Amino acid sequence: MSGVVLIGYGPSVYTRAVRLALLARGVTFDWRPVDPFDPGGAAGAYHPFGRVPVLDHGAVRIYETRAILTYVEQAFGGDEPADALTRARAAQVGSIADSYAYWPLVRQVFVEGVGAARRGDAPDAAALAEGMASAPRVLDALEEIAAEGRVLTGIGPGMSDWHLFPMIDLFRRFAPAARMLAERKHLAAWVESLSRLAIVQQTDPDLAEVAT
């Protein structure tokens, strides 16, 4: 498939989510790196709020991760779940990821628990503790959904899997977080199943880059 360009930031969990979705669909795409944290960078030329990722497909431009994932799944041969409840659960996972998982799991636990040490900095202990205290509620909600067996099963992964996995993958790099995840057997099994996929290994982040 030609004419597809992914504009994104390598360390971004949201950019990785879109990369996974494109690779899962076998879509060939050009990669255009943009640093949204660079005040003089080019992100504002692609996204009205200077964020990433952005997907160009010919003359079409789409931004916001969930919108891009929906487009990729439906435009490139994805099979949308037939029943309303499964579609709702997939959307629910995306909402949980954005609204409740990203900040404590990535910005607090990973950045402070893993990233700070890699940068040679002392972690913000209060932020790390807050993230670890918030994480069980997030994981329990996701475990309940995974246990239901409609999404987050590791079988035929789709939009909700790609949206959530990069966040959980960074979270579990902190050893106490990995132990917390292991206590949720359905969610942990889903993570292990996806971790074995070639496209997941292909997009495995450079932690030195992510931690900056």
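This is a predicted model: local features need pLDDT of at least 70, side-chain atom pairs count only at pLDDT 80 or more; totals for chains, interfaces and linings use all residues.
Close-up 1. The axes of α5 and α7 (residues 175-182) sit 11 Å apart, at an angle of about 25°. Angles under 35 degrees count as roughly parallel, so that is how α5 and α7 run relative to each other.

**Close-up 2. A cis peptide bond links V52 to P53.** Here omega is near 5°. Look for P53 in the loop that joins α2 (43-46) to β3 (54-57). For context, most peptide bonds are trans.

**Close-up 3. E64 has a positive phi without being a glycine.** Its phi is about 85°. Most residues other than glycine have a negative phi. You'll find E64 in the loop between β4 (60-63) and α3 (65-75). As for solvent, E64 is partly exposed, with a relative accessible area of 43%.

**Close-up 4. L152 is another non-glycine residue with a positive phi.** For L152, phi is about 55°. The loop to zoom in on runs between α5 (125-148) and α6 (159-171), and L152 is part of that loop. Is L152 buried or exposed? L152 is buried: its relative accessible area is 2%, and anything under 20% counts as buried.

Key. Residues are numbered from 1 along each chain as its sequence is written. Side-chain values use heavy atoms; hydrogens and water are left out. Helices (H or I, at least four residues) and strands (E, at least two) are DSSP runs, numbered from the N terminus. Buried means under 20% relative accessible area, exposed over 50%, partly exposed in between (1.4 Å probe, protein chains only). Axes are lines fitted to C-alpha atoms, for helices over the stretch in contact, and angles run from 0 to 180 degrees between N-to-C directions. Angles under 35 degrees count as roughly parallel, over 145 as roughly antiparallel, 65 to 115 as roughly perpendicular and the rest as oblique.
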